[in-house]
Every structure is written in structure tokens, then in C-alpha cells.
Amino acid sequence: MQTFFRYNWIVREQWYQWCEDVPHEELLKARTGGVGSILKTLFHIADVEYSWIQFMLGGPDFEDPYEKYDSLDLVRALDRRLRPDVEAFVAAWEPSMETRPLRDERPDGTSEVHAWGEVMRHVIAHEIHHIGQLSVWAREIGRAPVSANLIRKGLIEPSV
């Protein structure tokens with residue numbers, strides 16, 4: 001699981017670098033699907049990752065509105081600010097945490113209980129899903145997307 005978090009962080013940084021060469025208007029342009037734009041999607045990815053981890057830890061949710069982060073530099077800075085807490089949680093992951101229950105009280109008064117391991121895998125899949133949307137949008141504006149390939153990212157060294 002830690003490998004997939006590191007993979008997502010590498011790919012996210014590669015998307016930030018990709019965005020450096022895209023006009024600001026294209027990053028903000030309303031798009032079909034996802035959460036509406038390239039920049040808002042990158043904000044959403046960092047927000048959701050941090051929020052789920054905070055929820056599991058019983059900490060406060062991140063509630064800043066996207067409108068406070070309407071530039072690539074601001075979204076990147078936010079990600080850098082939130083990431084250390086996420087990295088620490090991921091690094092401390094141990095097998096006993098897999099089935100720890102997380103009670104989710106719904107607005108309608110019902111509740112659900114999820115296993116922490118399920119939530120962690122949801123966070124991973126959530127980002128991969130949105131990275132796919134970014135890839136489609138990249139092609140729509142005539143640019144090659146960031147590679148989604150897990151291989152060649154130096155995540156697992158083979159034994160020799």
C-alpha cells in the first residue's frame with residue numbers, strides 16, 4: 001500500500017510539472033467530468049487524501065474552499081503543507097490497522113462502518129481515477145499526458 005501512495009505522489013508531482021507549461025486559462029477551464037477543471041482536480045486530490053487521513057485520526061477536516069487556491073503555485077503549496085501528515089500516517093501503517101473500524105455518520109442520520117484498510121485503498125484508487133481524467137483532458141488540449149506507468153518510477157528495487 002505504501003508503494004501505491006508513493007506512486008501517486010510521484011505522478012502528482014509530475015502533473016504539477018506538466019501544468020507549468022499549460023496556460024493558466026487552460027488549467028481553470030471548465031471540463032466535462034471530474035470536479036470541473038485541471039487545477040480544481042489537483043486541489044481535490046490533495047484535499048480528499050488529507051481529509052480521509054484526518055477522519056481516520058479523529059482530526060479536523062480540511063475545509064478551505066478551492067477558490068482560495070486558484071493558481072498552480074497555491075495548489076502545490078497546499079499539497080506541500082498537507083503531505084507531511086499523510087506521509088507520516090502512511091509510513092506508520094502496520095497490519096493491525098487494516099481492520100480498525102471507522103464509523104462514518106451520514107448527514108441523513110445513518111452511519112456506515114468501514115475498515116481503515118478499505119479507506120486507504122479508496123484514497124489510492126480515488127487519485128488514480130482522477131489522474132485518468134487529467135490524461136483525457138491533456139489529450140483534448142493536444143498534449144501528451146503524464147505516464148501512468150508504475151514501472152520505471154524507482155519504487156521497488158529488485159534484489160540482486
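Angles under 35 degrees count as roughly parallel, over 145 as roughly antiparallel, 65 to 115 as roughly perpendicular and the rest as oblique. This is a predicted model: local features need pLDDT of at least 70, side-chain atom pairs count only at pLDDT 80 or more, and totals for chains, interfaces and linings use all residues. Residues are numbered from 1 along each chain as its sequence is written, and side-chain values use heavy atoms, with hydrogens and water left out.

**Exercise 1.** Work out how helix H3 and H5 are oriented to each other.

Solution. Start with the axes (lines fitted to C-alpha atoms, for helices over the stretch in contact, with angles from 0 to 180 degrees between N-to-C directions). Those of H3 (residues 38-57) and H5 come within 10 Å and cross at roughly 180 degrees. So H3 and H5 run roughly antiparallel to each other. Next, look at who touches whom, where contact means heavy atoms within 4.5 Å. H3 brings residues including Ile45, Val48 and Trp52, and H5 brings residues including Val123, His126 and Trp137. Finally, sort the contact by class: 14 nonpolar, five polar and two charged. Here Ala, Val, Leu, Ile, Met, Phe, Trp, Tyr, Cys and Pro count as nonpolar, Asp, Glu, Lys and Arg as charged, and the others, Gly among them, as polar.

**Exercise 2.** Is H1 roughly parallel or roughly antiparallel to H4?

Solution. The axes of H1 and helix H4 (residues 72-91) cross at roughly 170 degrees and come within 12 Å. That makes H1 roughly antiparallel to H4. Among the residues in this contact are Arg12 and Glu13 of H1, along with Arg76, Asp79 and Arg83 of H4. The tally for H1 with H4 is nine nonpolar, two polar and six charged residues.

Technical notes
Helices (H or I, at least four residues) and strands (E, at least two) are DSSP runs, numbered from the N terminus.
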